[in-house]
Amino acid sequence: MPRTAPEVHADLVLEPRDVTFDWSGLPLHWIPDEPLATHTINVLHLLLPEGERWFIKVFKDALPLITDEQLREEVLGFIGQESIHAEAHQEVLDHLLAQGLDPRPYVRQIAWLFQRVLGEKPKLGPRQRRENIIERVAFVAAIEHFTAFLGNWALNSPGLDRAEADPTMLDLLRWHGAEEVEHRSVAFDLMTHLDPGYLRRVRGMAVSGPLLVHLWVRGVRFLLAADPTLDGRIVPTWRKALDISRRGLLPEPMASLRSGLRYLRRGYHPTQEGSSAQALSYLASSPAARAAAR
Amino acid sequence: MNGHPMKKIPKKPSTPSRETAPAPTAVFGRTTQLDVDNPPPDLYGRPQPDRFMRAVTTFSDLYTPAMGRPLLRRNPRLPAPRARAPLSLVITGHRAVAEEVVELRLADPSGDRLPSWQPGAHLRLILPSGRERHYSLCGDPADRTTYRIAVRRIADGGGGSREIHEELHLGARLTVRRPRNGFAFCGEPRLLLVAGGIGITPLLPMAREAQRRGLDWHLVHAGRSAASMPFTEELRALAPDRVSFRTEDAEGLPTGAELLAAARPGTAVYCCGPTPMLAAVQAAFEASPAAALHYERFGAAPILDGRPFTLQLGQEGPRLPVPADRSALDVLREARPDLPYSCHQGFCGTCRVQLLAGTPEHRDRRLTAEERASGALLPCVSRAAEGETLVLED
């Protein structure tokens, strides 16, 4: 990836990009001989389709509350991009199933979580409903902080290239990561537009952060147990995860934690993390985006 | 415009349908409705309810109704969400810079600093007639008191460029939306800027920025004739050996390969010009050694073989005629301003509406056969046969 000047690109017009991935050649362990690293990243495919559809639902509910036209346009662009992300990850689930790894029990729980637990509740008064929408926007904003962190990591992860990870999967991670970096401010800006209060931001992170970590750990355990080629031989531990992250195949757990804490700094804004120039530069060269443009 | 001569003979809808094939259905497709009435079973098939799922469900059932109580609501003393106001600017320059091209300079009436921008950004002008038009900023981002745009007169266009050429004058006021950027310059080390006609406008500030940063850049500007091409002298003065010009009257229409001839391995290409030129560059791109292609994406795809039809909102609701040259989404948004939409091209699915009656012509790439059968419709691209009425859920 070309190195680019680290400047802040403000006021970007966001539009969804169509993509085409060909998964027919994807091996089950797409980082060769690294089942733990492979499945740790695979948790993304379990969480994202349902999670991103929930983002879309929340943001569509928030649209009538927005009074700034530019923010409204950015939110619409965000919705379109998230919708394409959800589809792209969905395709990987079908591929896992075809290779004998049945992700359905976990996806079933995630669907319950996003549609029932975090979904719209019946019997709320108009004010409660409005507060509930803003609260869920704050959850999304905190999660988007992590997706931008992970996206920035994916764009700067030579370890995955060194390990000869599958190029199509790398493109999915980097294309998605780049769009997460590109639209990293939208959820935060929407939250502060609807409620500039600091408490809301803290609550968003206090609920989303630990939930995300727990879902991830559960997901890794589940995938390793469900992988038909492993027979439950690999038991994940934090020590192993740390080793793998030192080889550059996963983000470092401590760096992730520190990033979560940065979100709570008073002067935080998402533009302080990652580079739009690097992200847009990748998007202009992504094979999947180019394949769909033809 | 497809150039077909208009026939006066009344004809049956014998034109080929533009209906697209549905998207393939996947096991995990959107059409699979997961059971959200009963808590999910244990992950590993053990005969016990999942404790974690039960805990988060209980938490949320207590948390949500508590919303709105003190500390769990928006502080009522904080100011209400506000909109950023558009700019009100005055025209301080209006002069011809090439055949049929005027350059406009805009400034704050009291000389205040204007919002900053970066190469590739555009302004949206709201003209006195109410028309809205986007124009790329082509001045110097370091000049914080003046915006510069250049507008080619399009005689058979929608009238916006004619209005700017003929009716705007020095001292006139214009409402202008703040700069936005849909064509951001990423400053890759090796650059090829490809401009067609008035498409030079966003690339000029990029060339200046590339020169300032000492990047390895080259610019090709193609146009009809030398007299029709603005800013030639300005580009030559910037770096005479890094810019090249070609005109249609001397050398003919350039091919994509010719426009990309200066690309080397790793080159990032920035292209702005008429649609056929961009298509030619896209087609030639894979065969060139260049690594990245940046271009500005303009929302809606042109409507091919559109026929007028009617939308009806609800069984008893108002009827909205959709003309041949407008999308159903555009018409629908006038009646329902909060309708979400995003890609305008039938691939993201954001604008999905529910059909109650009528036969649509699906033109999207997103919906599966099951979704179409259940009445889903993407009004950004999908239409209906001439005279058909599509009744939508309101």
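Predicted model: local features only at pLDDT ≥ 70, side-chain atom pairs only at ≥ 80, totals over all residues.
Two residues are in contact if their C-beta atoms, placed from the backbone, lie within 7 Å.

- The largest nonpolar core holds 177 residues, and the members that touch the most other members are A:Val137, B:Leu193, B:Leu203 and B:Val269.
- To this core α4(A) gives the most, with 16 residues.
- Helix α4 of chain A is also the place of A:Ala148, a residue that is buried because 25 other C-beta atoms lie within 10 Å, where 20 or more are needed to count as buried.
- Although A:Ala148 and A:His183 are 35 residues apart in sequence, they are 8.4 Å apart in space, taken from C-alpha to C-alpha.
- When neighbours within four places in sequence are left aside, A:Ala148 is in contact with A:Glu180, A:Val181, A:Arg184, A:Pro270, A:Glu273 and A:Gly274.

**How helices α4 and α8 of chain A meet**

- The axes of helix α4 (residues 126-155) and helix α8 (residues 198-226), both of chain A, come within 8 Å and cross at roughly 60 degrees, and the two helices are therefore oblique to each other.
- In this crossing, which is right-handed, α4(A) passes α8(A).
- On the side of α4(A), the residues that make the contact include A:Ile134, A:Ala138, A:Phe139 and A:Phe146, while those of α8(A) include A:Arg200, A:Gly204, A:Met205, A:Val207 and A:Leu212.

**Chain B as a whole**

- Chain B has nine helices and 18 strands, and along its principal axes its C-alpha trace spans about 75 × 65 × 50 Å.
- Of the 394 residues of chain B, 35% count as buried.
- If one takes the contacts in chain B between residues at least 6 apart in sequence, 65% of them join residues at least 24 apart.

**Where chain B touches chain A**

- The contact takes 63 residues from chain A and 54 residues from chain B.
- On the side of chain B that touches chain A, at least two residues are supplied by each of α1 (51-66), β6 (173-181) and β11 (292-295) of chain B, and α1(B) provides the largest share, which is five residues.
- That side of chain B divides into 29 nonpolar, 15 polar and ten charged residues.

**Two loop residues with a positive phi**

- Most residues other than glycine have a negative phi, and against that background two residues of this model deserve a look.
- In the loop between α3 (104-117) and α4 of chain A is A:Lys123, whose phi is near 60 degrees, a positive value in a residue other than glycine.
- A:Lys123 is exposed, because 8 other C-beta atoms lie within 10 Å.
- B:His344 lies in the loop between α8 (328-335) and β14 (353-357) of chain B, and the phi of B:His344, near 65 degrees, is likewise positive in a residue other than glycine.
- B:His344 is buried, because 22 other C-beta atoms lie within 10 Å.

Conventions:
Residues numbered from 1 in each chain as written. Chains lettered and ligands numbered in written order. Axes fitted to C-alpha atoms, helices over the stretch in contact; angles between N-to-C directions. Helix = DSSP H or I, 4+ residues; strand = E, 2+ residues; numbered from the N terminus. Parallel < 35°, antiparallel > 145°, perpendicular 65-115°, else oblique. Left-handed = near helix turned anticlockwise from the far one by under 90°. Core = buried A, V, L, I, M, F, W, Y, C linked by C-beta atoms within 7 Å. Buried ≥ 20, exposed ≤ 12 C-beta atoms within 10 Å, placed from the backbone. Nonpolar A, V, L, I, M, F, W, Y, C, P; charged D, E, K, R; others polar.
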